[in-house]
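Thanks for coming. I will walk through one model this morning, one chain at a time. Please have the sequence and the structure open.

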Amino acid sequence: MALSRDEIREGMSDILEEVAGVNPDDVADEKSFTDDLDVDSLAMVEVVVAAEEKFGVKIPDDQVANLKTVGDAVSYIEKG
Amino acid sequence: MTEVVVTGLGATTPLGGDVASTWEALVAGRSGVHLLEHEWAQELPCRIAAELAVEPSEVLPRVRLRRLDRSEQIALVAAQQAWDDAGLNDDLDKERLGVVFGSGIGGALTLLAQDDILEQSGPRKVSPFTVPMLMPNGPAAVVGLEFGAQAGVHAPTSACATSAEAISAGADMIRLGRADVVVAGGAEAVIGGLPMAGFSSMKAMSTRNDDPTHASRPWDRDRDGFVMGEGSGALILERRDHAEARGARIYAVVAGSGLTSDGYDIVQPDPECRGGGRAMAAAIKQAGIDPKEIGHVNAHATSTPVGDMAEIKGIKRVVGDHVVLTATKSMTGHLLGGAGAVESIAAILAIVEGVIPPTINLENPDPGLDLDVAANEARKVDLNAALNTAFGFGGHNAALLFTKA
């Protein structure tokens, strides 16, 4: 069964807290990884690898640059 | 010549998570060595080591820990303590702040852990922090970034002489006018299967697995090799007038340092300690003092059969037969790249407190030991000057001479 956007966002929030120390209260669709959540490029690599594992999706390197906000990532993972 | 003083001390060692607890344990003669329970250790010839008394995870935030090798974690812990101890803050001109911080081996545990991930899960799973975690200049870089040092961040690498060389190089930075304040020291954290198997294959490590606290026994007849420890020491070095202008407490003066190389063998110490002796002589010459003023040597003495007695020859020839020696490795184990800094801190505190920590486990002195050692009990003594020696694989020799503030 496909996960809902809320479930994906919650999963992303867990990953962001684990690998980058982001406060779960700060995670929302409109938040930018780099500008709002202080996730730098190296930390983003870890976030992507963890998201692939958790959600069973592939996020190619050329797609990562398009994932600027939490909402972008949730939408990408939702499409599978 | 510009005078360089020590205004801050920091350490995390097998005896304590800071300088005060480490010093208290040193003076009390407590051993930090124990049997390793880890599964990876069970097949090793040497299954004993001196692990940290306080885990970095008890001190640093979790995400910070993830991105730092263990050697970088403890470098940061020790350097932060030294920084706070010296009363430094962001008022300092960062363009005049330098760092010289070394590691003998670097991020070996990270290299091994990430290689396991590469083998088991493929290249995509290898951490993007792998390279900054395993590079041998990592501890120096992490400390430099923490305090915003911009006068230069350097990472000497000379095996077990590393952090003594770092203190020498840090003092030189100040003497050459390149910095006013330098965070100097070293860190090592390589207690793991491969490093221990490597040292064991060289027959360099003690195999007294059934009696861990008595395994590190410098100058004792029954010594059978060193015991590996992990830890970090950091010193704040400062130009004297800079320290005085801000009213800093001065622990001691870095009166002289000497660095030489053996040109003898990649791992064997020169049995006559010629290079080590020249390093001691160079430190004494730079300080411009009579060797008779040196009351104490915190010796390199690692508890290996050849090295311990070679050093005795060097000390006797260059410093004299009046000094009181100690080998604090009998308690901390051998901190490798962290040894010179932690033992310099012990030598400095010996001057400040008037107490020389004991060399424990010296039950049957080697027949060749004809110098006075603070054996098994701390020795109260007034000191004007104390020497620390550190020698490393590759034939690196360092000697640091500290005098009373």
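A word on annotations before we start: UniProt positions are given in the numbering used here, feature names are shortened, and annotations may be inferred rather than shown by experiment. With that in mind, UniProt lists residues 6–80 of chain A as "domain: Carrier", in an unreviewed entry.

Some ground rules. This is a predicted model, in which local features need pLDDT of at least 70 and side-chain atom pairs count only at pLDDT 80 or more, while totals for chains, interfaces and linings use all residues. Residues are numbered from 1 along each chain as its sequence is written, chains are lettered from A and ligands numbered from 1 in the order in which they are written, and side-chain values use heavy atoms, with hydrogens and water left out.

Chain A, then. Over residues 6–80 the chain is 59% helix and 0% strand, with the end C-alpha atoms 15 Å apart. Helices (H or I, at least four residues) and strands (E, at least two) are DSSP runs, numbered from the N terminus.

The UniProt record, again an unreviewed entry, marks S41(A) with "modified residue: O-(pantetheine 4'-phosphoryl)serine". S41(A) lies in helix α2, residues 41–55 of chain A. Is S41(A) buried or exposed? Its relative accessibility is 57%, so S41(A) counts as exposed. The cut-offs are these: buried is under 20% relative accessible area, exposed is over 50%, and partly exposed is in between, with a 1.4 Å probe and protein chains only.

Next, a pair of helices in chain A. The axes of α1 (residues 5–20) and α4 (residues 70–79) come within 10 Å and cross at roughly 120 degrees. Axes here are lines fitted to C-alpha atoms, for helices over the stretch in contact, and angles run from 0 to 180 degrees between N-to-C directions. α1(A) and α4(A) are therefore oblique to each other; under 35 degrees counts as roughly parallel, over 145 as roughly antiparallel, 65 to 115 as roughly perpendicular, and the rest as oblique. On the α1(A) side, R5(A), I8(A), R9(A) and M12(A) meet residues of α4(A), including V70(A), V74(A) and E78(A). Contact means heavy atoms within 4.5 Å.

α4(A) has these buried residues: V70(A), G71(A), A73(A), V74(A), Y76(A) and I77(A). Their cover includes α1, α2 and α3 (61–64) of chain A. After α4(A) comes G80(A), with a positive phi near 70 degrees.

Now chain B. Helix α7 (residues 162–175) packs with α13(B) at an angle of about 70 degrees, the axes being 5 Å apart. α7(B) and α13(B) are therefore roughly perpendicular to each other. S163(B), A164(B) and I167(B) in α7(B) meet A339(B), G340(B), A341(B) and S344(B) in α13(B).

Which residue sits in the loop between α12 (329–332) and α13 (339–353) of chain B? That is where L336(B) is found. L336(B) is not a glycine, yet has a positive phi of about 50 degrees, and is buried, with a relative accessible area of 2%. S303(B), also not a glycine, has a positive phi of about 85 degrees. S303(B) lies in the loop between β9 (294–298) and α11 (305–318) of chain B, and counts as buried at 0% relative accessibility.

Last, T332(B), placed in helix α12 of chain B. At 2% relative accessibility, T332(B) counts as buried. Leaving aside neighbours within four places in sequence, T332(B) is in contact with P14(B), L15(B), L26(B), A50(B) and G229(B).
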